[in-house]
Amino acid sequence: MIERPDHSHRLPDQLRANLRLVFVGTAASTRSAAVGHYYAHPGNRFWRALHEAAITPRLYRPDEFTTLLELGIGFTDLSKTGAGMDHEIARQSFDVLSFRAKIETYRPKTIAFTSKKAASLFYHRPTSAIAFGRQKPLSDFPDVFVLPSPSGAASGHWASQPWRDLGERIKAD
């Protein structure tokens, strides 16, 4: 099931039951909101990282994001109404309860936060308390990974190993 946006700056969730992996961002970037595609900025490493970590069989483009459902990969954000860089998004637009409800409804095998900021909002902890990689299991919740942000604005914190670890983990399932 694909949820359709009711705000022009909102990206639609790409979710259905029993996906093998759901990527979770904080909110759409300004570029992604403008074009309607996840991780659309040319400087964003997301699509390249997916392919290099062998999560996808080829390099996909941002405008192909809907086709990843065929591979068992979905997308959502913690804020469906905000757009821009994390510090530009109103804190009250982050809706962790709705996110949890989506995950409980669709039951993916693994979720991957695409930044420490997204994970910190979910766990209600400071980003400094969040480690990259697989997280401690939560009762009755999918496996959780935290990945370095693929945003070009976060390039000083980039590391590909957590992405490769995620690729290895989902291949093992």
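Colleague: Are Tyr-38 and Phe-65 buried or exposed?

Modeller: This is a predicted model. Burial is read from relative accessibility, with under 20% counting as buried. Tyr-38 and Phe-65 are both buried.

Colleague: How many aromatic pairs are there, and what is the geometry of the one formed by Tyr-38 and Phe-65?

Modeller: Two rings pair if their centres lie within 6.5 Å, and planes over 60 degrees apart count as edge-to-face. The count comes to 19 aromatic pairs. Tyr-38 and Phe-65 are edge-to-face, at 5.3 Å centre to centre with 65 degrees between the planes. Tyr-38 is in the loop between α1 and α2, and Phe-65 is in the loop between α2 and β2, so their pair ties together parts that are 27 residues apart in sequence.

Colleague: What is the geometry of the aromatic pair of Tyr-39 and Phe-75?

Modeller: That pair is tilted, with 6.4 Å centre to centre and 50 degrees between the planes. Distant parts of the chain are linked here, as Tyr-39 lies in the loop between α1 and α2 and Phe-75 in strand β2, 36 residues apart. Tyr-39 and Phe-75 are both buried. One aromatic cluster includes Tyr-38, Tyr-39, Phe-65 and Phe-75, together with Phe-23, Phe-46, Trp-47, Trp-158 and Trp-163.

Colleague: Which charged groups sit over rings?

Modeller: Among them, Arg-58 places its charged end over the ring of Tyr-60, 3.9 Å from the ring's centre. Lys-116 lies over the face of Phe-132, at 4.6 Å from the ring centre.

Colleague: Why does Thr-26 count as buried?

Modeller: Thr-26 counts as buried because its relative accessibility is 6%. The residue lies in the loop between β1 (21-25) and α1 (30-35). A polar contact of 2.5 Å joins its side chain to that of Asp-86. Beyond four places away in sequence, the residues that Thr-26 touches include Asp-77, Phe-94, Ala-118 and Leu-121.

Colleague: How many residues of helix α4 are buried, and what do they pack against?

Modeller: Helix α4, residues 116-123, is mostly covered, with six of its eight residues buried. These are Ala-118, Ala-119, Ser-120, Leu-121, Phe-122 and Tyr-123. The buried residues of α4 pack against β1, α3 (96-106), β3 (110-113) and β5 (143-146).

Notes:
Residues numbered from 1 in each chain as written. Predicted model: local features only at pLDDT ≥ 70, side-chain atom pairs only at ≥ 80, totals over all residues. Heavy atoms only, no water. Helix = DSSP H or I, 4+ residues; strand = E, 2+ residues; numbered from the N terminus. Buried < 20%, exposed > 50% of the residue type's maximum accessible area, 1.4 Å probe, protein only. Polar contact = N/O pair within 3.5 Å; in protein donor to acceptor, adjacent residues only side chain to side chain. Contact = heavy atoms within 4.5 Å. Phe/Tyr/Trp six-rings, centres within 6.5 Å; stacked < 30°, edge-to-face > 60°. Lys NZ or Arg CZ within 6 Å of the ring centre and 35° of its normal.
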